[in-house]
Amino acid sequence: MGKKAINIALGFIPLVVITVLWWYANTFTTMSQAVLPKIGDVVKTFVETFKNGQMQEDLIASFDSVIKGYLIAAVVGITIGSLMGIVKPVKAILQPTITCIRQIPMIAWMPLIILWCGIGQLSKVVLIVVASTFPILVNTQNGIETIPSSYVEVAKLYKLSVFETFFRVYLPHALQGILVGLKLGLSVSWMAVVGAELIASTTGIGYRMSMARTLMQSTVLLSCIVVVGFVGILMDKLLGLLFAQLTPWEKVKSSK
């Protein structure tokens, strides 16, 4: 068995432990099934919601908001992060404000965003942008700032334009940091949309969880929680595979 297969197998150990504890609580304790339903009932509920299309409809609504907010955050984060990394006066102007805003919890923005944007997709997209811009921005800035000054001096000797310097010097060196930021930003986007839908929405997987909580439908609530976790892992892995194709030299480095 290869090392990769062993690592995958080890990753399933916590899931197996959780499943066994869940089964034990259902079988050998007096815990109410309204609080912790049987695993079989949760699976049955998931299959039913998948067959009637409800799960797909909720996921599509959430994905729509994530894609819109994430793309905006990526553009804003990479642009501002690059400017802060390259132009020192821009960093001096923006760094204190950005540091201050980053300390505010994501969920604390919701009342203000609802007041501004109302209940609907716009408020979800705005929250995603606010939440996911910062990890992209910070990693982009860090990637830019780690570039050796000698590289920039060489670009000046060759009289490269600002855009040529960025695309030939800054971007290749900072690419790994930018990709890390984009990966973190996607995870934050997914968490943000679920959080927003739990509080103020009429569509999406988070809204379904909120309704299940109100109606005491614990099987629906748990099946949605499992789906949210699985989708988050799937998005992270798919984006990781995409980035691996964009930076094949990193794979060569790690194999040495």
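Student: Where is the place of aspartate 58?

Tutor: Aspartate 58 is in helix 4, residues 54-86. Helices are DSSP runs of H or I with at least four residues, numbered from the N terminus. This is a predicted model, where local features need pLDDT of at least 70, side-chain atom pairs count only at pLDDT 80 or more, and totals for chains, interfaces and linings use all residues. Residues are numbered from 1 along each chain as its sequence is written, and side-chain values use heavy atoms, with hydrogens and water left out.

Student: OK, is aspartate 58 buried or exposed?

Tutor: Aspartate 58 is buried, because its relative accessible area is 4%. Buried means under 20% relative accessible area, exposed over 50%, and partly exposed in between, with a 1.4 Å probe and protein chains only.

Student: And what is aspartate 58 in contact with, leaving aside neighbours within four places in sequence?

Tutor: Gly204, Ile205 and Arg208. Contact means heavy atoms within 4.5 Å.

Student: What about isoleucine 80, where does that lie?

Tutor: Isoleucine 80 lies in helix 4 too. With a relative accessible area of 26%, isoleucine 80 is partly exposed. Not counting residues up to four places away in sequence, isoleucine 80 touches Leu94, Ile98 and Leu137.

Student: How far is isoleucine 80 from valine 138, C-alpha to C-alpha?

Tutor: Their C-alpha atoms are separated by 9.3 Å, and the two are 58 residues apart along the chain.

Student: New topic. How many aromatic pairs are in the whole structure?

Tutor: A search finds 5. In phenylalanine 166 and phenylalanine 167, the ring centres are 5.1 Å apart and the planes are at 85°, so that pair is edge-to-face. Rings of Phe, Tyr and Trp (its six-membered ring) pair if their centres lie within 6.5 Å; planes under 30 degrees apart count as stacked, over 60 as edge-to-face and the rest as tilted.

Student: Which residues form one aromatic cluster?

Tutor: Trp23, Tyr24 and Phe28.

Student: Which elements have the lowest and highest mean pLDDT?

Tutor: Helix 12 (residues 248-255) has the lowest, 57, and helix 4 the highest, 94. pLDDT is the predictor's confidence in each residue, from 0 to 100. Where pLDDT is low, the predicted coordinates should not be read in detail. For the protein, the mean is 87, and 96% of its residues reach 70 or more.

Student: Last one: what covers the buried residues of helix 11?

Tutor: The cover includes helix 3 (39-51), helix 4, helix 9 (162-199) and helix 10 (205-214). Among the buried residues of helix 11 are Ser218, Cys224 and Phe243.

Key. Helix = DSSP H or I, 4+ residues; strand = E, 2+ residues; numbered from the N terminus.
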